[in-house]
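Welcome! Here are a few exercises to work through with the sequence and the 3D view side by side. Try each task before you read its solution.

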Amino acid sequence: MARCPKCQAFMPDGVPFCSQCGCPLTSESAASSMGMPPAGPGMPPPMGQNPPFYPNGMPGPYPPGYGAPQVPDYLVWAILETLLCCLPLGIVAIVYASQANLAKSVGNYAEAMQNANTAKTCIIWGVVGSVIVIGLYILLLVIGAAGGL
Ligand SMILES: [Zn+2]
């Protein structure tokens, strides 16, 4: 004798469905009367095979915002230098800053950092060179004024 877990109607053994409510009858649910859903015959959950976990230091692009080193963006400074200070060094700095941003966008942080450092060096030398040139220019003006020009 089996019992319907839904409507508690008694059904003869071997009847697959309750004749009162249509609820499927299983020997487990009838025996325990807990309304447990019929479980598969020992099927393991499909999540047994996880994808391989990559520890830190995996090659390839980083997920955005995670573990990525901060590559400074010198593009604005390079453009400012081109406009205000030293045109040739500023253009070189723009090229390297653009390369740094490009390499950063594809996840190549080593190359991005290298190009960013090169851009920074160009910007620093451009500013230093501009200060020296401007200083010499002022010095020449002072000497010229002192010389009665
Ligand atoms: Zn029933």
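**Exercise 1: Confidence along the chain**

Find how many contacts beyond four places in sequence the model has for residues 54-59, where pLDDT stays under 50.

Solution. This is a predicted model, so begin with the confidence values. For residues 54-59, the model has 1 contact beyond four places in sequence. Next, take the chain as a whole: the mean pLDDT is 76, and 68% of the residues reach 70 or more. Another stretch with pLDDT below 50 is residues 29-33, which has 9 contacts in the model beyond near neighbours in sequence.

**Exercise 2: The overall plan**

Work out which pattern of helices and strands the protein chain follows.

Solution. Start by counting: the chain has 4 helices and 2 strands. Then read along the sequence, and the order comes out as β-β-α-α-α-α. Now look at burial: of the 149 residues, 18% are buried. Finally, consider the contacts with a separation of 6 or more; 42% of them join residues 24 or more positions apart.

**Exercise 3: Glutamine 8**

Say where glutamine 8 lies, and whether glutamine 8 is buried or exposed.

Solution. Glutamine 8 sits in the loop between strand S1 (2-3) and strand S2 (10-11). Count the other C-beta atoms within 10 Å: there are 11, so glutamine 8 is exposed. Now check the backbone. Most residues other than glycine have a negative phi. Glutamine 8 has a positive phi, near 65°.

**Exercise 4: Asparagine 117**

Find how far asparagine 117 is from tyrosine 96, both in sequence and in space.

Solution. Asparagine 117 belongs to helix H4 (residues 109-146). With 15 other C-beta atoms within 10 Å, asparagine 117 is partly exposed. Along the sequence, asparagine 117 and tyrosine 96 are 21 residues apart, while their C-alpha atoms are 8.6 Å apart in space.

Key:
Residues numbered from 1 in each chain as written. Predicted model: local features only at pLDDT ≥ 70, side-chain atom pairs only at ≥ 80, totals over all residues. pLDDT = per-residue confidence, 0-100. Contact = placed C-beta atoms within 7 Å. Buried ≥ 20, exposed ≤ 12 C-beta atoms within 10 Å, placed from the backbone.
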